[in-house]
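Please look at the structure before reading on.

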Amino acid sequence: MTNATGETKGRVAFLDFLRILAAFFVIVNHTNSGVFLERTPAELQWHLSLLWYYTSKTAVPIFMMISGACLLGKRDSYGKIGRRILRTVLALVLASYLYFLMKAWVYFGLWPRAVNFGALFGQIWRGEITNGFWYLPLYLGLLLTLPLWQRMASAMEKRDYEYLMALTFTVGAAWPLLSHYVPALNMPKYFGQMIPCSYLGLFFAGKYFVQYREPRRNSVLISALLLVLSLAVCWALTRLEFDRVEPGQQYWFMDERTTPALPVITASLSLFWLARCAFGARRSGRLLAELGGCAFGIYLLQDLVIAESKKRVFMPLCEKLPAFGAALCWEVIVFAAALAGAWILRRVPGVKRIL
């Protein structure tokens, strides 16, 4: 979610593009699953929706890599990191209050619920405000430990980055996937307690691909093939799981937000690198910088727009289009509405510094 405050100066084009893409994928992730959940593999829409769903699962890994590319390679003062933490907390509280007011108005009556701050902070603490805000505590945890990661990164060489990524992706992503099919290989108790999670590996991967990798023609082809293969593996394993579980049970088992599955990680790495190759070292133009600067605001607003537009937009679209096509149109409309809201908010005095 990391944004460079200020104007276009210093903003990197491929990172702003990825911010926009990931913000849109967050919307897809929160709107698309209903299509395949209401269908079976006997229908083409099930397969299309499932592939689109797993494409959208790259959103958070991409945001994590963007943060690594922006935050590692420097040694910020504790005061600067503290101010970044404060801005994130303020964004969480203010956005949560907006959702809190909407729920109070719909379910309880706006007054006196609007001043029940105990209930507000209780819901924030328990993660009950809205489903999409689970990422902010993860990001806050990253910021709290950022001084350690920045100082560690300053002493690391290329091989150290590769070891960290291999370790975290193996223990945090590949092993759980393998043990899902071979339960006897379940990780020994306490083994992984001291090993960083795969999100930290993604955080360092963002800096690794910027610092140690240069775009080459064959790397574009390899990344594109890896992206297609990763999504195909996600689809195939989910299709297999559909036949393994009892009717009504969850078969999209790779939807685990704290430990992204290995195919989702490889798809995310591929998208990150494809954007890096496409844009090179170019700086963001004014439009791209403005859109990239709105990504955090889009993320904060999208759940609200989804909730308010499902019956008004998606349901009528379903009467005229196949469900998957209706979902695609709805996602674009939600993105446009959230973008407009974020653009307006960034022009409110003081708000831009938070968003």
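The model is predicted.

Helix H10 covers residues 158-181. With 24 residues at 1.5 Å a residue, H10 should span 34 Å, and its end C-alpha atoms are 34 Å apart, so the two values agree. H10 also has a kink of about 40 degrees, centred on Thr170.

Several residues of H10 are buried, among them Tyr161, Leu164, Met165, Thr168 and Phe169. Further along, the buried residues include Val171, Gly172, Ala173, Leu177 and Ser179.

Helix H12 holds Glu241. Is Glu241 buried or exposed? Its relative accessibility is 4%, and buried means under 20%, so Glu241 counts as buried. Leaving out residues up to four places away in sequence, Glu241 touches His180, Tyr181, Tyr251 and Phe253.

Another pair of helices is H1 (residues 13-31) and H14 (residues 286-293), which pack with their axes 8 Å apart at an angle of about 45 degrees. This angle makes H1 oblique to H14. The crossing of H1 past H14 is left-handed. On the H1 side, the residues that meet H14 are Ala13, Asp16, Phe17, Arg19 and Ile20. Their partners in H14 are Leu288, Ala289, Leu291, Gly292 and Gly293.

Conventions. Residues are numbered from 1 along each chain as its sequence is written. This is a predicted model: local features need pLDDT of at least 70, side-chain atom pairs count only at pLDDT 80 or more; totals for chains, interfaces and linings use all residues. Side-chain values use heavy atoms; hydrogens and water are left out. Helices (H or I, at least four residues) and strands (E, at least two) are DSSP runs, numbered from the N terminus. The expected span of a helix is 1.5 Å times one less than its number of residues. The bend at a residue is the angle between axes fitted to the seven residues ending there and the seven starting there. Buried means under 20% relative accessible area, exposed over 50%, partly exposed in between (1.4 Å probe, protein chains only). Axes are lines fitted to C-alpha atoms, for helices over the stretch in contact, and angles run from 0 to 180 degrees between N-to-C directions. Angles under 35 degrees count as roughly parallel, over 145 as roughly antiparallel, 65 to 115 as roughly perpendicular and the rest as oblique. A crossing is left-handed if the near helix is turned anticlockwise from the far one by less than a right angle, and right-handed if clockwise. Contact means heavy atoms within 4.5 Å.
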